[in-house]
Amino acid sequence: MTPKSLYAIAPHLSRAECEAIAKKVLSFSAADECRVSINSGMRQNTRFAVNQVSTAGDNYNASVTVRSVIGKRVANVTTNRLDDASLKAAVASAERIARLAPEDPELLPELGPQQYQEAINWSDATASLEPEARAEAVRAITEPARRAGLISTGYLEANAGSFAVANNKGMFAYGRSTAAAYTTTVRTQDGTGSGWAGASDNDFARIDPKLLAERAIEKARKSVNPVAIEPGRYTVILEPTAVANLVQLINGALNARSADEGRSFFSKAGGGNKIGEKVVDERVTLVSDPLDSRVPAGTFGGDGFPNQKVTWIENGVVKNLAYDRFWAKRTGKAPVSAGGTLAMAGGTSSMEEMIASTERGILVTRFWYIRGVDPRTILFTGLTRDGTFLVENGKVTRPIKNLRYNESPIFMLNNLMMMGRPERVSASESGGPGQAIIVPPLKCRDFNFTSTSDAI
Amino acid sequence: MTASRREFLQQSAAAAAAVGLASSLARPVAAQPHVFQGDPSHKELVLRAIDAAKAAGAEYADARISSARSQNIGTREKRVTNIGDNETFGFGVRVLVRGAWGFAASSNLTADEVTRVARQAVAQARANSAAMVKPVELAPIHHPPVPNGVWRSPIKVDPFTVAIEDKVAYLLEANAAALAAGARFVNSQMFFLRDEKTFANTLGTVTQQTIFRAQPGMTVTMVSPDNRDFQTRQSTDIQPKGLGYEHVLDADLKRHAARWAEEAKQKLTAKPVEVGRYDLILHPTHLWLTIHEAIAHPTELDRAYGFEANYAGTSYLAPPEDKLGKFRMGPSFMNVLADRSAPGSLSACGWDDEGVQPEDFHIVKDGMFVDYQTTREQAMWLDGWYKQQGKPTRSHGCSYAQTWADVQFQRMPNVNLLPGEKDLVWEDLIAATENGIAIIGDGSFSIDQQRYNAQFGGQLFYEVKNGKITGMLKDVAYQIRTPEFWNALDMIGGKRSYELGGAFGDGKGQPAQSNAVSHGCPPTRHKQVNVINTGRTA
């Protein structure tokens, strides 16, 4: 969808404004080292329920965080009052608190000037999406749902802002970014069927509300009156959203320090970590690349360190774990920082081929209420939701009641059977833009379902 | 607050003090000085905002200014990992135009910006009203407008007046105690909030409230000698409260740290649970979360009407006309009372975020489901039910927004499982159990979007045989179907065993907002619950 106007870019602090604020804050500082981080932007949303807009919100905020270092003592103070007196007070407060803090034995000096690549995660279409255009996108779902005698509920969020970081060692980084997400749940009047569709992108113009409406409506219709099946181990065909719901959980464990400390799946028996070990099927490759146009990220982190392209897992083998500057120095490695997005390589199988090749299995639209159970194996629990179907003899035969699983993405990626083409999805439970992630649909064997749910 | 409720709180608080729990619970809210310490000019600005909204065509408007200060201190072992002081300041204006809501917010608190944002909210409501099918109607408020309302959390010590070095020393001493007891790793932290909120609506209410929250906490980690296993113990004995620094002092992490380290160590060698059905004895430090997920969330009225279907979900307690007064939640001794009045609780306030003074109300009475949580908009949806019951149609005061930047909507108050009449305590429930598992502390949690199927872990699991604890278990989680679970409740602790648990991170809404809420409960026993073993080998 094209927004109605492209002139009203959501307010955020420009590079020049950030430079001016940073310069001012640094001039107030008497600390040995001072870092200033500046966040600003608009968060804009519209919600709908029962086929009409329920609430909406537009908010602007800008905040400054001052990190003061005195000797080896550190403190952070954040304020969103940007007048001179408030900024001076924030600097004074950070220095006062830092003096009272104990010395930090892990403190590293601030970075000097860095080279950054130009980020590609900004979209004018997202930044200029006004309430009228959002209401129009809402009608693209509520109207067909109403015509079909169904009840639609959904959420559209479009954010645009800037982030800058500077210090008194001459480092300055500035980036702008946008993010949008649009999700909908369409239910039948009698509450016996429910279908979901969602999309997330930096560029709202790449999200098609009509397509979301079609998919959610079709799923709602096909999911009515589900039957219960026995929980147990099943072959699953996971749509990309369901794959991302689980694969993104690996991200939280890709940390070298907790692995080296013996408290992670990536810890090695006897000591050390699993870099160099094969942990999943050899077809699995997981990469974070801030300049991947499908899932772009900012090109620097909170301390101004440049984000890089990082291959975490290549052909099933762990290649990298995240090292912060301190842990890298301690272990004699280079710091590894990637920007938080995730891309999983895919294959060439279509969903139809995955279904046609399945004697008995379960087709999953998405997972929900995903919570950690055992960090030793990255084991999580959660449930299927809004479109769960039985596959028998190569065909989708009927809707089934939702199921609870206790499963790890690591086990799942070891039980890989088929892979499709990667697709960017909305994989945050809350429907916000969340982490940018692109994954293929998968077919996997022996997925562990432990109970059924009556929830529709 | 009802007389019986007040009496109950006084008694339970006295009992809590007697057994060494936070004695601060005993202080009545009314004893606090009603003086707003925030900026007095905020009153003028909220009034300006609602005037601007009215002038732009709003039928109803409210405005909130919030100045919130929070502080985080984090440590690991002998090191401070973070000291952060955060201040966020801004305002939000909510308006109703032709039956549609609009909301806009800004951090730039000037007279001109207040007017601009009020107009922006009105313009947005107009855009939203274009396809309105059913206009919003608001229930009347049961009390006269409050032109000068002032309320403050019942604290003894403002955490922001306590020196940083004292806080750091407190945490590092607690860590040292855990390390001395053999902990491999220990993380500890404190979080504090002070939120000064000024509110006005077009009905003539203007309130100024100062809300405090405090949470000290610790996680102790043990790693097996061969690096093949690790276990943690979180300090769930200590729950977050709507209190000041006195809560941190009462919590005394240092005193408990060695025990937590020992318990984490025991978990390394605990016996893996055998799957099967067991009688579960649930400690209040665990049960509060089960109540939160399986009673409090499904009784939110917006969920029952489908308004949260796209994220938090709907409810098995729907449609309301089929469930209110007809659905048996549990045994006749099961009573669930909602409040925003319990001193030290996280949901306590003088007025909610649309200017309604909250009241205590039963959600479950003598085992029957009788009411939902509501706001002014939602109370109208139950107009028929309230009329039939001979009750006025009015909000229970459950409107809340997490910050100035977020629109207020229905959030749960404190939802409490009331104690039974018999004077039973934790040990009595264990002594009465032949084959069971006793669970202490909250752990992993997950529940479906209609709140039927849930799975809960915990911090500590004990095998109970013939009335005695016979050893520690690990890899335990129980799976429930909510209606059966509460109807399998067969023993409940008395007033002496009632405790408040709670959390800051109760999520709902899009964009997701965090609510802070407490849940009071005694220990309970549930017959024949399905227990699984979550341990797998990588």
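## Reading a strand residue, a bent helix and an interface

Analyst: Let's start with B:Arg76, which lies in strand E1 (residues 60-76) of chain B. Keep in mind that this is a predicted model.

User: Happy to. Does B:Arg76 count as buried or exposed, or something in between, and why?

Analyst: Burial is read by counting C-beta atoms within 10 Å, with 20 or more needed for buried and 12 or fewer for exposed. B:Arg76 has 18 such neighbours, so it counts as partly exposed. Beyond four places in sequence, its contacts are B:Thr81, B:Phe185, B:Val186 and B:Asn187.

User: Now helices. Where does H7(B) bend?

Analyst: As background, an α-helix has 3.6 residues a turn, so residues three or four places apart point the same way. Helix H7 of chain B covers residues 284-296, and its end C-alpha atoms are only 15 Å apart, short of the 18 Å a straight helix would reach. The bend, about 25 degrees, is at B:Thr290. Because 13 of its 13 residues are buried, H7(B) is largely enclosed by the rest of the structure.

User: And the interface: how many residues of chain B are in contact with chain A?

Analyst: Interface size is often given as the accessible area lost when the parts come together. Counted by contacts here, 69 residues of chain B meet 82 residues of chain A. On the chain B side, E2(B) gives the largest share, 10 residues. By class, that side has 33 nonpolar, 25 polar and 11 charged residues.

User: Which strand of chain A pairs with E2(B)?

Analyst: Strand E3 (residues 73-79) of chain A does, in the parallel sense over four bridges. Within E2(B), B:Glu87 stands opposite A:Thr79.

Definitions and conventions
Residues are numbered from 1 along each chain as its sequence is written. Chains are lettered from A and ligands numbered from 1 in the order in which they are written. This is a predicted model: local features need pLDDT of at least 70, side-chain atom pairs count only at pLDDT 80 or more; totals for chains, interfaces and linings use all residues. Helices (H or I, at least four residues) and strands (E, at least two) are DSSP runs, numbered from the N terminus. The expected span of a helix is 1.5 Å times one less than its number of residues. The bend at a residue is the angle between axes fitted to the seven residues ending there and the seven starting there. Two residues are in contact if their C-beta atoms, placed from the backbone, lie within 7 Å. Ala, Val, Leu, Ile, Met, Phe, Trp, Tyr, Cys and Pro count as nonpolar, Asp, Glu, Lys and Arg as charged, and the others, Gly among them, as polar. Two strands pair if DSSP finds at least two bridges between them.
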